[in-house]
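Let's take a walk through this model, one piece at a time. Have a look at it first.

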Amino acid sequence: MAASDNILVVKDVCKYFPGVKALDHVSLEVPRGVVYGIVGENGAGKSTLMKILSGVYEKDAGAVVFDGKTIEKTSPIDALRRGLSIIYQEFNLVNTMTVGENIFLGRFKESGGMRGTHQKARALLDSIGSKIDTYAMVGDLSASEMQMVEIAKALSFDSKLIIMDEPSSSLTSEELRKLGVIINQLRDRGIAIIYISHKLDEIFEYCNIVTIMRDGHVIDTKPVEELTRAEMIAKMIGREIENEYPPRTHCVGDVLLEVRNLNTRKLHDISFKLHKGEILGLVGLVGAGRTEIIRALYGADKVSGHEVRINGEVVRIRSPKQAKRAGLGLVPEDRKRQGLITSFTVQSNITMAALDRLTRFGVVNSASEKDIAQRQIKALAVKTPSAQATVGNLSGGNQQKCIVGRWMELNPKILILDEPTRGIDVGAKYEIYVLMNRIVEEGGAVIMISSELPEVLNMSNRVLTICEGRITGEFNPEQASTSEIMDKAIG
Amino acid sequence: MSELSIKKNKSVARVISHNLVLIVIVLLIVVTAIVEPKFASASNLTNVLRQLWPLPFVALGMSFVIIGGFIDLSVVGIISLCSVVAVSLIDPLGQVGAILCAILVGGLLGYINGTILTTCGAMIQAEVLFITYGMSSIYMALGLIFTNAETLRIARATKPITIFTALGSGTVGVIPIVLIVFIVILLAMYFFHTKTLAGRSISLMGGNKDAAFLAGYNVKRTMRMVYAISGLMSGMAAISLVARTTTATATCGTGFETEAILCVVVGGTSLKGGKGNVIRTMLGVVLITLLGNCMNMLGLSTYMQTVMRGAVLVVAIWLDNRKGQ
């Protein structure tokens, strides 16, 4: 029987949310022992499908067959017991418990008490070649180690199918390579893996089969070898794009910003210059101090003793408020926690930095507030039902545009973008790049942090490598090779 | 056809869920009036309006703290201490001076709370809860030390107490003077919250402190302001309480913190912060007060009334969380 070769069969599954068809007759077949990629822009329906499989949502129509059995209703714990694990982007671990306890959370008795738990946890971790101490606190682990714990947890349930949702988003390239090795091992053990990612390189590297989704539909399913990168992107966004990056700007002028002797516990002697019309990329591993540099510059963290000059004049920036006054803007790393007020309207989120300019005698002019929101929604092509829609309901790309729009309204001299394209789709990425170029063409400057090296190299006029809190190199990305830059970034 | 009726059903459901408090209030009035006709009598309603104070003031101040994403248990201590201050200053300063002083002391104590919270970096709800609880004990204890736990009476003052009498029992037509004063303050605070930058920054802070901070708001200052507002309102609450009861004790504010939080939450302001407004809180005040009165009229025991209050709070939070999904 052909069906038994498939660990998972999804047939004509539909899911409706108020006003949206999140999934429209979605069908796919996942054979045993393959790595099955699912790609699609945000809002394509990937997460909804995964949530139906794991029992978080209920499907409205269609059938799901897992391991030969038709699944009607399920809950996350049922799904786990059947052998279907999901590893979410934000891990599902208890930070204040040990590794072993996390792996066998809620099953101490079955796993033979505390000793049995740790022994079995050790064995599971060994089986994927991980050396993490099972007595270590999960909160002290790195993102990659947490992922290993999640994988061990999935294995502890004897999972036949492991779904990984954006597994690489918080990994360095070295950690990602290790993950690749483990994925191959799991596949060799006959475990099927569904690999959801925005990063097409990874899909090509790890996956055997790939399904492309768009707007709740399955657009195509093919063996990876039969697809090119350009075809995949075209299917994801429903149109051809010629380039992933807009042409690089060349309008670098005089020195605009100068930072001298920035020292903290993590940062050592950070001094650099930023020119008018320049996009400056900061490259380094996660935790190397990239975000700390820009947070210190922006006044978000308490730092003293350094000197900041803008247009040659010393400016004192000790709070984001002062930074804003000095002409800086920040699009922070974590869109939902630091950037947006997700429960507020698109309008509030766009206008919040500009409100103090619309104020007379302490009273905010609500008419100009509306104008600003409309102007930025139009200028940035934010896809939203209205300015009064809740920003949390928009897709990642459109949310990011709201934050960028917040600063565009102030015409910042220097816009700092920390991981500006994390978790947003290809189409929206391109639009963010175009916005960056527009800022520098209008005489501003951009500092960009990104873990995606190709992005930094294609967008920046100059790149600084950061390693262990120091600036270790300066490159012209048009001349330097990737390996030269990575060499300095790893240290 | 069927889709149309679903849409209609949905919009009906939305109207109901948006005006739930109002609907419950109307239902409560209708049902109680039928079961117990005395409920709708003029004397009962006047009585309710007179017994209402100081809750509306406390709830008004508490709204700002909760919209800002925090909570304030110190209102108990502030109301108590301000009552004591108000009564004991009538003789030395006269009634106007005593009232102004008491309100200012309230604002100052609130500001001190805010400053303590910001300087010790209390940013999570549990810390805020216990620090304000601790401050409340301190304020209450100060009052106890000052009064030797005795009851102060405004009637003992040698100077005129006409303002207190007017606030306590004076009316314009049938409307109590204190209600008129309150409505003026309420409207001013509503304008402050929705139209001014300072008011808006409270909602932004409640929605997401980090985002507000990075967008250039002084979150610590907003936090101090929020507690100062709560303190000011507690000061006014103290005046309205003294005016109604004509006495002050160093523990007379006890219980108003939970009542106020109850009103805010029942009114539909989320404990998660960011959402809500002061008008909604007033609906909560009306509902909770009516509920108390109805239960009295229907002869429910005080224990049973406490059970009902607890149940209302749980249901309100539950409904709020359902809305969030």
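This is a predicted model: local features need pLDDT of at least 70, side-chain atom pairs count only at pLDDT 80 or more; totals for chains, interfaces and linings use all residues.

Residues are numbered from 1 along each chain as its sequence is written, while chains are lettered from A and ligands numbered from 1 in the order in which they are written.

Chain B comes to 15 helices and 4 strands (DSSP runs numbered from the N terminus: H or I of at least four residues for helices, E of at least two for strands). Its radius of gyration is 21 Å, close to the 20 Å of the globule rule for 325 residues, so chain B is as compact as a globular protein of that length (the radius is over C-alpha atoms, and the rule is 2.2 Å times the number of residues to the power 0.38).

Now for where the chains meet: 23 residues from chain A and 18 residues from chain B make up the contact (C-beta atoms, placed from the backbone, within 7 Å). On chain A's side, α10 (320-325), α11 (335-339) and β18 (363-364) each give two or more residues.

Over in chain A, β21 (residues 462-467) and β22 (residues 470-475) pair in the antiparallel sense over 5 bridges (pairing takes at least two DSSP bridges). Ile466(A) sits opposite Ile471(A) of β22(A). This hairpin has 2 residues between its strands, and Glu468(A) takes a positive phi near 45 degrees there.

Technical notes: Two residues are in contact if their C-beta atoms, placed from the backbone, lie within 7 Å.
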